[in-house]
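Today I am opening my notebook on a new protein. I will jot down what I look up, one entry at a time.

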Amino acid sequence: MKLLKKVRFLKIPLKPLFLISLILFTSHSSASDSTIEVTDIRFWSYPDYTRIVINLSENTEFIKNRLSSPDRLYFDIKNSRINKETQRNILIDNGMLKGVRAGQFSDSTVRVVLDLEKIRDYKVFSLEDPIRIIIDVYGPIKFSAKKRIVLDPGHGGHDPGAVGPNKLYEKDVVLDIALKLRKILSEIPNLEIFLTRDRDIYIPLEERTAIANSKNADLFVSIHANASTRRDAKGIETYLLNWTNDEEAMKVAARENQISLKKMKKMHKEIDVLEIIKSDLNRENKRDESIKLANYVQKSMVNDLDKNYSHIVDHGVKQALFYVLMGAQMPSVLVEVSFISNPVEEKLLSRENYRGDLAKSIASGINKYMTLMPEGQTIADTRKAIDPRD
Ligand SMILES: [Zn+2]
């Protein structure tokens with residue numbers, strides 16, 4: 001913590017009417033003794049909590065009081081002198097406190113003023129060895145920040161994606177699923193939903209992850225429909241970004257990346273690509289979280305659809321090098337909801353009900369993942385960081 005060494009002597013008029021408390025130490029010096037020194041003022045600043053510690057050479061009485069316009073707390077320390085070494089003007093500026101000022105208020109009184117910004121509460125107590133006054137200031141209650149999800153309906157505009165035997169376009173199917181999914185997820189409190197596109201426009205693959213990163217999203221879910229040269233290929237699979245040796249997975253990624261399978265295979269050996277992916281996967285526990293998210297979404301889709309439709313095929317969670325997942329800073333997955341190249345699944349995908357059920361099942365998978373997602377470590381960290389001896 002950086003303390004500013006600006007020194008300013010302060011005289012603040014005392015308003016006895018506002019005195020609200022008088023705290024006595026168990027053993028204090030006589031009233032005439034002015035040898036007690038304020039030897040140090042320190043602070044620790046955390047996101048919603050600040051601790052200020054005033055060190056004294058000996059026990060003494062002090063008065064605390066809170067005044068408004070401007071909002072401030074002051075402490076009059078009796079029979080004391082401020083030590084030459086003590087910081088007299090400390091800038092904090094953390095949203096709770098503007099700073100702390102200290103000065104010789106009268107011959108026998110040191111006044112310490114806490115200039116407040118916005119606080120919820122404060123607590124004052126004292127400790128011995130060394131003798132010190134502890135002031136804990138709590139910031140306003142922060143409602144848990146909303147989790148942000150970016151949904152990415154694949155393709156769009158001049159890029160139709162995969163086209164079914166009856167000319168159903170992947171871009172239209174996945175946009176509709178994403179819009180339905182947004183509607184469902186928006187009803188869950190504390191979730192904020194963004195779409196990379198909400199109409200039939202083309203967005204380059206690299207821009208989609210950039211959107212998620214710029215929104216500081218907690219999750220990124222790219223939605224696609226599968227295709228294969230084998231007309232009987234059908235089923236549901238969910239992908240995360242990683243190397244793969246699986247030829248089928250490589251084919252899916254090649255198609256979604258709009259590159260040839262040959263190029264796709266070559267990509268596995270390119271140093272740049274490997275570096276990007278390695279750094280992506282190493283980011284905190286992004287890979288583990290992506291696996292978890294992929295599993296929740298995959299299981300949810302398969303189990304929920306299995307209740308209403310026959311012959312739902314579960315291809316499970318897979319990995320491949322998808323351009324659209326590269327560089328995403330958050331857990332991210334790509335779902336292949338069904339095979340648009342399969343006439344039966346194309347028919348299903350053309351139905352409002354099936355798309356609605358898909359959206360519902362993806363939402364329930366995301367929701368399950370979100371409910372189990374660990375909260376920020378702020379509280380735990382704060383507690384750990386405070387020295388219990390202070
Ligand atoms: Zn696609």
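**Entry 1: ground rules.** Before comparing helices I need axes, which are lines fitted to C-alpha atoms, for helices over the stretch in contact, with angles running from 0 to 180 degrees between N-to-C directions. I also note that this is a predicted model, where local features need pLDDT of at least 70, side-chain atom pairs count only at pLDDT 80 or more, and totals for chains, interfaces and linings use all residues. Residues are numbered from 1 along each chain as its sequence is written.

**Entry 2: the overview.** I find 9 helices and 17 strands in the protein; helices (H or I, at least four residues) and strands (E, at least two) are DSSP runs, numbered from the N terminus. Of the 390 residues, 36% are buried. A residue is buried if 20 or more other C-beta atoms lie within 10 Å of its own, exposed if 12 or fewer, and partly exposed in between, with C-beta atoms placed from the backbone. Next I looked up contacts, meaning two residues whose C-beta atoms, placed from the backbone, lie within 7 Å. Among contacts with a separation of 6 or more, 72% are between residues 24 or more positions apart.

**Entry 3: the sheet.** In what order do the 6 strands of the open sheet come? I read β13-β12-β14-β17-β15-β16, with mixed pairing. The edges are β13 (191-195) and β16 (314-320), each pairing on one side only. Two strands pair if DSSP finds at least two bridges between them. From one strand to the next, the twist averages 20°.

**Entry 4: neighbours inside the sheet.** I followed β15 (residues 236-241) to both sides. With β16 it runs parallel, joined by 6 bridges, and Tyr 239 has Lys 318 as its bridge partner there. With β17, strand β15 runs antiparallel, joined by 3 bridges, and in β17 the partner of Tyr 239 is Leu 334. Is β17 enclosed or open? I see that 8 of the 8 residues of β17 are buried, so this strand is largely enclosed by the rest of the structure.

**Entry 5: a helix on the sheet.** I then turned to helix α6 (residues 286-308), which lies across β14, β15, β16 and β17 and runs at about 170° to β15.

**Entry 6: α1 and α8.** The axes of α1 (residues 170-186) and α8 (residues 352-372) come within 8 Å and cross at roughly 50°. These two helices are therefore oblique to each other; angles under 35 degrees count as roughly parallel, over 145 as roughly antiparallel, 65 to 115 as roughly perpendicular and the rest as oblique. The crossing is right-handed, which is the name when the near helix is turned clockwise from the far one by less than a right angle, anticlockwise being left-handed. The contact residues include Val 173 and Ile 177 in α1, and Leu 358 and Ile 362 in α8. By class I note 10 nonpolar, 1 polar and 4 charged. Here Ala, Val, Leu, Ile, Met, Phe, Trp, Tyr, Cys and Pro count as nonpolar, Asp, Glu, Lys and Arg as charged, and the others, Gly among them, as polar.

**Entry 7: α6 and α8.** The axes of α6 and α8 also come within 8 Å, crossing at roughly 140°. I record this crossing as right-handed. Residues in the contact include Tyr 296 and Met 301 of α6, with Ser 361 and Tyr 369 of α8. The classes here are 9 nonpolar, 5 polar and 6 charged residues.
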